[in-house]
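Here's a friendly walk through one protein chain. Take a look at the structure first, and then we'll go through it piece by piece.

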Amino acid sequence: MKVECKINSDYKEPYAVLHIDKMTTKIAEMITVLEKENVNSITLNAVKDKKTYFIKHECLAIVRSEGREIVCYDKDKNRYVLDKPLYELERILDTHFIRISKSTIVNINQISHVEAGFNGTMELVMKNGLTDYISRSFRRSFKERLGLE
C-alpha cells in the first residue's frame with residue numbers, strides 16, 4: 001500500500017482520504033483505528049469489594065459472563081463486576097477486543113497463546129493466566145482477525 005502524509009500546521013484536525021478499489025476487513029479495521037485516534041480512552045465503571053473503580057479499557061484482559069454477572073479481569077487478574085450487558089460492552093470497546101464465544105470478549109493485546117485441543121477445540125490463554133475456549137461459531141472470525149487463516 002502506498003501512503004502519503006502531508007503535515008501542515010493549518011490543519012486543525014487530522015483528515016484522511018483512502019483511494020481503494022474495494023473494501024477489505026483490514027482496511028475497515030484501519031479506518032476504525034483512525035476514527036478513534038482523537039477519542040479519549042474508554043473507562044468502565046466496575047465494582048470490587050463494594051467499591052467502584054474506573055478501569056481504562058486497555059487495562060482489561062477479558063470480559064465475560066459468569067452466572068448472572070458480567071465480570072472483567074484486568075492484567076493483574078483482579079476481578080470486577082460490570083453493570084453493562086456484554087453486547088453493549090462489545091459495541092463500546094475498541095478494535096483491540098474480539099468476541100470468542102457467546103459469553104466472552106478478550107483483549108487481543110493480552111493474549112499469550114492459543115492451544116489446539118481435542119475435537120477441534122481451541123483454548124485461549126491470556127497473559128494473566130486466565131483461560132477460555134474459542135467456540136466454533138466464533139473460531140473463523142478469530143482466526144481471520146489474528147491472521148491465522
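## A hairpin to start with

Let's begin with E9 and E10, which form a hairpin with four residues between them. In the turn sits Gly 129, with a positive phi of about 100 degrees. Strand E9 covers residues 122-126 and strand E10 covers residues 131-134, and the two pair in the antiparallel sense over four bridges.

A word on the terms: helices (H or I, at least four residues) and strands (E, at least two) are DSSP runs, numbered from the N terminus. Two strands pair if DSSP finds at least two bridges between them.

## What kind of model this is

This is a predicted model, where local features need pLDDT of at least 70 and side-chain atom pairs count only at pLDDT 80 or more, while totals for chains, interfaces and linings use all residues. Residues are numbered from 1 along each chain as its sequence is written, and side-chain values use heavy atoms, with hydrogens and water left out.

## The whole chain

The chain has three helices and 10 strands. Starting at the N terminus, the elements run α-β-β-β-β-β-α-β-β-β-β-β-α. Along the principal axes, the C-alpha atoms fill a box of roughly 50 × 40 × 25 Å.

Of the 149 residues, 31% count as buried. Here buried means under 20% relative accessible area, exposed means over 50%, and partly exposed is in between (1.4 Å probe, protein chains only). Among contacts with a separation of 6 or more, 40% come from residues 24 or more positions apart; a contact means heavy atoms within 4.5 Å.

## The open sheet

How many strands form the open sheet? Seven do, in the order E2-E1-E5-E4-E3-E7-E6, and the pairing is antiparallel. At the edges are strand E2 (51-56) and strand E6 (97-101), each of which pairs on one side only.

Strand E1 (residues 43-48) and E2 pair over six bridges, in the antiparallel sense. Within that pair, the bridge partner of Thr 43 in E2 is Lys 56.

## Two sides of a helix

Now for helix H3 (residues 136-145), whose buried residues are Arg 139, Phe 142 and Arg 145. They cover an arc of only 135 degrees around the axis, which puts them on the same side of H3. That arc is taken from the directions from the helix axis to the C-beta atoms. As background, an α-helix has 3.6 residues a turn, so residues three or four places apart point the same way.

On the other side of H3, Ser 137 and Arg 140 are exposed. Just after the helix, Gly 147 takes a positive phi of about 70 degrees.

Is Tyr 87 buried or exposed? Tyr 87, found in helix H2 (residues 86-92), counts as exposed because its relative accessibility is 60%. The C-alpha atoms of Tyr 87 and Thr 32 are separated by 18 Å, with the two residues 55 apart along the chain.

As for disulfides, the count comes to zero, where a disulfide is a pair of cysteine sulfur atoms within 2.5 Å. For Cys 59, the nearest cysteine sulfur is that of Cys 72, 10 Å away. Cys 59 counts as partly exposed, at 32% relative accessibility, whereas Cys 72 counts as buried, at 0%.
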